[in-house]
Amino acid sequence: RTVQSYYEILEDTLIGFRLEPWHKSLRKRLVGHPKFYFFDLGVTNAINKCLTGSLDRQRIGRLFEQFIVLETHRMIEYLESEASIYFWRTNHGAEVDLLIEKQGKIQIALEIKFSENISGAHLSGIRAFREDYPKTPCFVVCAAPNAHELDRVRILPWRKYLEEIRDFIQ
């Protein structure tokens with residue numbers, strides 16, 4: 001409870017926010033474990049004592065995911081959209097990084113990868129998600145230079161995603 005109250009203070013002071021897990025059942029959603037994102041990548045780096053020196057590929061990937069989640073969250077707040085964001089994870093560990101939901105319906109599912117070359121191996125979370133939500137449009141936001149499609153998944157360069165984000169949340 002003490003740790004939970006610290007997270008609540010961080011949220012109340014706008015230092016960060018919780019990204020709740022998506023579940024069809026509201027009851028199950030309430031008992032799931034959220035992710036926590038600080039409002040700024042610099043704060044995350046400072047807490048992890050990584051303000052100088054080079055970053056490894058894994059840390060860059062986590063920061064890239066945080067950047068896309070933060071920009072999506074900020075745009076929803078800025079536009080005063082009714083959209084909400086979640087992540088999705090199965091008991092077996094399959095995960096989709098970001099879902100945009102509006103009026104109880106998932107609008108899109110986003111996998112976020114800091115890679116220029118997206119392959120079928122990057123789509124395992126999306127494939128698992130599609131078993132439960134086959135009609136939901138799925139995307140990979142990444143560092144690829146051009147938009148394209150792979151296995152009915154739209155691969156979007158991150159800059160293109162940021163240009164199109166309004167279409168997803170309004």
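Reply: The model is a predicted one. A search of the whole structure gives 10 aromatic pairs. One of them joins Phe67 and Trp158, with 5.6 Å from centre to centre and 80 degrees between the planes. Because planes over 60 degrees apart count as edge-to-face, the pair of Phe67 and Trp158 is given that name. Phe67 belongs to helix H4 (residues 57–78) and Trp158 to helix H6 (residues 158–169), so this pair ties together parts that are 91 residues apart in sequence. Phe67 has a relative accessibility of 23% and counts as partly exposed. Trp158 is also partly exposed, at 23% relative accessibility.

Elsewhere, ring pairs join Tyr7, Phe36 and Phe38 into a cluster. A ring can also have a charged side chain over its face: Lys35 lies over the face of Phe87, at 4.8 Å from the ring centre.

Now the cysteines. A disulfide is a covalent bond between the sulfur atoms of two cysteines. The count of disulfides here is zero. Cys138 is in no disulfide, and the nearest cysteine sulfur, that of Cys142, is 14 Å away. The sulfur atoms would have to be within 2.5 Å to count, so at 14 Å Cys138 and Cys142 are not paired. Cys138 counts as buried because its relative accessibility is 3%, which is under 20%. Cys142 is buried as well, at 0% relative accessibility.

How values were computed
Residues are numbered from 1 along each chain as its sequence is written. This is a predicted model: local features need pLDDT of at least 70, side-chain atom pairs count only at pLDDT 80 or more; totals for chains, interfaces and linings use all residues. Side-chain values use heavy atoms; hydrogens and water are left out. Rings of Phe, Tyr and Trp (its six-membered ring) pair if their centres lie within 6.5 Å; planes under 30 degrees apart count as stacked, over 60 as edge-to-face and the rest as tilted. Helices (H or I, at least four residues) and strands (E, at least two) are DSSP runs, numbered from the N terminus. Buried means under 20% relative accessible area, exposed over 50%, partly exposed in between (1.4 Å probe, protein chains only). A charge sits over a ring if NZ of Lys or CZ of Arg is within 6 Å of the ring centre and within 35 degrees of the ring normal.
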